[in-house]
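Subject: Structure for you to look at

Hello,

Here is the structure I said I would pass on. My notes are below it.

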Amino acid sequence: MIGVVSDPLFMNHDTGSYHPESPLRIQFIHTLFARKDPEILLVDPVQATPQDILLNHEQYFIDHIKRSCSSGKLTDLDPDTVCSADSWSVALHAAGSLIRLVQMAVSGEINGGFASIRPPGHHATADEAMGFCLFNNVAIAARKATQSFGVEKVLIVDFDVHHGNGTQESFYAAKEVLYFSTHQYPFYPGTGRLSETGAPGAEGSTVNCPLGGGKTDGQYGALYRRVLIPIIETFRPGLILVSAGFDSHAMDPIGGMQLSTEGFASLAGIIRDSAKSVNAPVVYALEGGYNFQALRDSVKAVIDVMKGGKVPVIEEKPLPELDEIIRTHARYWPLQHH
Ligand SMILES: [Zn+2]
């Protein structure tokens, strides 16, 4: 049984008429769950408590977001991040719903989870809202898992086209939370260099895979098989959180990658099978993805794989960046040179 949070409530975070991070993203995904599916448990959204948000954010920052929302009109938090009257409640529901799915997954109530939530989270730092993100949902859920749910080690996999600077920063010195990211580079937000591998004492717990634009399914597949699988087998996380950004889709108006819908299914297959080998539940949290159709199709493809569906076979293709990525991370992980 796969737990899914999908609710029109997440449309209430108003970003204005022309913002790519549109409420319609939620509406498109929500159509996938109109018909009852015996393999999917629809889980009601719940609000995170202020204490939960405080696990990853500063009190003065939380107060600032609350104040900005309560002004009642659209307020710019940074040049591309806005909040509205309902954003406060929606943001609490985004983090809280992800926490709920994590709790259910860790306790075995569900075999995995998918949170169709917004605002997204991976750019939000402890004290800064940026890149369409208010609170860092994945970082909050990872901290909740280690501090309250008895999970010793968490792996965060981030396939959003952008680097999750906020998530990296939160866990840069944390050995128990490993952050793995594939992202377009150079690109917004500018972080995610290969050389950023973790603070002293936590070397190797940040695994950046910066990639030039235009990368395809076969190239991503080669990277995930040769780098992510050995890391999962060695790190042996008790939980895998996925920062699921679908702006690395070829149809996306913002990202410059060439992943197809089948490509996302194949990445989900690699994550599913590798997670199974270490007995770790996988919970996905929606991040980016701005072509509504591609977003809906890709979410469907990922959930079908989570339900045990067939994974598309995609032939690996040479990836120019792979040798240097392997050489860098082989200092900390048993990665094979060829
Ligand atoms: Zn993104």
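Predicted model: local features only at pLDDT ≥ 70, side-chain atom pairs only at ≥ 80, totals over all residues.

Residues are numbered from 1 along each chain as its sequence is written.

The protein chain has 10 helices and 10 strands (DSSP runs numbered from the N terminus; helices are H or I with at least four residues, strands E with at least two). Its C-alpha atoms fill a box of roughly 60 × 45 × 40 Å along the principal axes.

Of the 338 residues, 54% are buried, that is, with 20 or more other C-beta atoms within 10 Å of their own, C-beta atoms being placed from the backbone. The largest nonpolar core has 102 residues (buried Ala, Val, Leu, Ile, Met, Phe, Trp, Tyr and Cys joined through C-beta atoms within 7 Å). Helix 4 (residues 87-106) gives the most to this core, with 13 residues. Ile156, Leu241 and Val302 have the most contacts inside the core, a contact being two C-beta atoms, placed from the backbone, within 7 Å. Leaving out residues up to four places away in sequence, Leu241 touches Val138, Ala141, Ala142, Val154, Ile156, Val283 and Ala285.

Regards

Technical notes. Buried ≥ 20, exposed ≤ 12 C-beta atoms within 10 Å, placed from the backbone.
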